[in-house]
Amino acid sequence: MLYQNAHLLQIRPASQQWVAGTDMRVLPELKDAWLLTQNGRIKAFGPMSECPQGHHEETLDCTDRILMPAWCDSHSHLVYAGNRESEWMDRLNGLTYEQVAARGGGIVNSAQLLNETPEEEIYQQSKLRLQEVISLGTGALEIKSGYGLTLEGELKMLRVIRRLKEEAPIPIRATFLAAHALPTRYKDDKAAYLQLVIDEMLPRVAGDGLADYIDVFCEKGYFDIQDTELLMEAGARYGLPAKIHVNQFNAFGGVAAAVRHGALSVDHLEELDPVDVRALAGSKTMPVALPGCSFFLGIPYTPGRTLIDAGLPLALATDFNPGSAPSGNMNLVVALACNKMKLTPEEAINAATLNGAYAMGLSSETGSITVGKRTNLILTKRNVSVSSFGYRFGSPLIQQVIEQ
Ligand SMILES: N=CN[C@@H](CCC(=O)O)C(=O)O
Ligand SMILES: [Zn+2]
């Protein structure tokens, strides 16, 4: 396919894996450009004055439109059963997320439902959500387990993720998150649950090649630093790098622990201590903000400005899940990042494309307009500017999602 007269956005050399600090304000572009794709990959691009001549099977005129990489959503729990609308109603009536969880709701509620639901049904429900996010411009996605909390439940979730991986037109990464909450059966014996996760679940998950990463909900009332370190070390023994839920409600050293263990990303960070910022400096760990969760739970937004102004990179993701963020809309995430976290549109787009791809190990595949990367692209409607992604919040700006 030959795209002509396009405004190409987010053009990067293959060597550039992320942008940080003041560089996040820059979105390299080429106006009045052509782009050629072949076999699902970007083959070449350049200014219209040098557009390849001759016959091309298919061409698309992109006059007045931006052609850019599709969104890279590096943190989701898109595979789940049913919903938690009744808990949401409880929160509307005044309960907090933590109070709902303390009453037996929350993650363990989703876990019960997931264990009761047949695998095929979970697959069908999740597939619909996947189709929805792809139609909204998501071109790469990470999906976590963590609503099983039993060997069979976790394997069931990961098999569904594998099936979605095999069938989807976009790259998907799977993360093993059995340490998402203590299942009711183990509520007074965390050590026994950790043993189950490490000695029984992990060898099966890794042996069957069902996960790319390991995750832990490092939070008061869930898993502490020692548990998190134990799980990161166990994951490493099976070749699974860590992506850690940390600092959602409390900051108590989880970021530094994750960095020490070479985690690929630390996600949430609604609570941020100067110690966390110092721990991230000079590391290869990507901080990931989830503004949809802040919006839905009414908790603080991740201080993205503090991170970027300290010279760090930042990625944005949806956290799509039934409890704290039942939306997989990356367009909304980008708009929230601008309006609530005070990111410039350029910073937000860098965070939602190039840096998001890094945060799920997909830098060589997607996240920028780069020769050789996948043809995972968004073509906007006419007269959409870079600022529109923050300013025109809620407006559908995408004309076509290109996934080959
Ligand atoms: N915080 C932990 N896990 C999810 C929420 C899961 C749930 O409430 O079901 C999150 O990232 O927000
Ligand atoms: Zn999450």
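**Entry: Asn331**

I began with Asn331 and found that, leaving aside residues up to four places away in sequence, Asn331 touches Trp71, Leu136, Phe389 and Ile398. I note here that I am reading a predicted model, so every value below is computed from its atoms. I then looked up where Asn331 sits, and its place is in helix α12. Buried or exposed, I asked of Asn331? Its relative accessibility is 19%, and because the cut-off for buried is under 20%, Asn331 counts as buried.

**Entry: ligand 1**

For ligand 1 I counted 15 surrounding residues, the closest being Tyr97, Tyr147, His180, Gln248 and Ser324. I then went through the polar side-chain atoms facing the ligand. Tyr147 places one such atom 2.6 Å from an oxygen atom of ligand 1, whereas Gln248 has one at 2.6 Å from a nitrogen atom of the ligand. In the side chain of His180, an N or O atom is 2.8 Å from a nitrogen atom of ligand 1.

**Entry: helix α6**

Last, I followed helix α6, which covers residues 190–207, 18 residues in all, and spans 24 Å from its first C-alpha to its last, close to the 26 Å expected at 1.5 Å a residue. Where does the kink in α6 lie, I wanted to know? I located it at Met201, shortly before the proline Pro203, with an angle of about 40 degrees. Met201 is also one of the buried residues of α6, together with Tyr193, Leu194, Leu196, Val197, Ile198, Leu202 and Val205. When I asked what the buried residues of α6 pack against, I found α5 (151–167), β8 (172–179), β9 (213–218) and α7 (225–237). Just after the helix, I noted that Gly209 takes a positive phi of about 60 degrees.

Conventions
Residues are numbered from 1 along each chain as its sequence is written. Chains are lettered from A and ligands numbered from 1 in the order in which they are written. This is a predicted model: local features need pLDDT of at least 70, side-chain atom pairs count only at pLDDT 80 or more; totals for chains, interfaces and linings use all residues. Side-chain values use heavy atoms; hydrogens and water are left out. Helices (H or I, at least four residues) and strands (E, at least two) are DSSP runs, numbered from the N terminus. The expected span of a helix is 1.5 Å times one less than its number of residues. The bend at a residue is the angle between axes fitted to the seven residues ending there and the seven starting there. Buried means under 20% relative accessible area, exposed over 50%, partly exposed in between (1.4 Å probe, protein chains only). Contact means heavy atoms within 4.5 Å. A residue is near a molecule or strand if one of its heavy atoms lies within 4 Å of it. A polar contact is a pair of N or O atoms within 3.5 Å; within protein, one must be able to donate a hydrogen and the other to accept it, and residues adjacent in sequence count only if both atoms are side-chain atoms.
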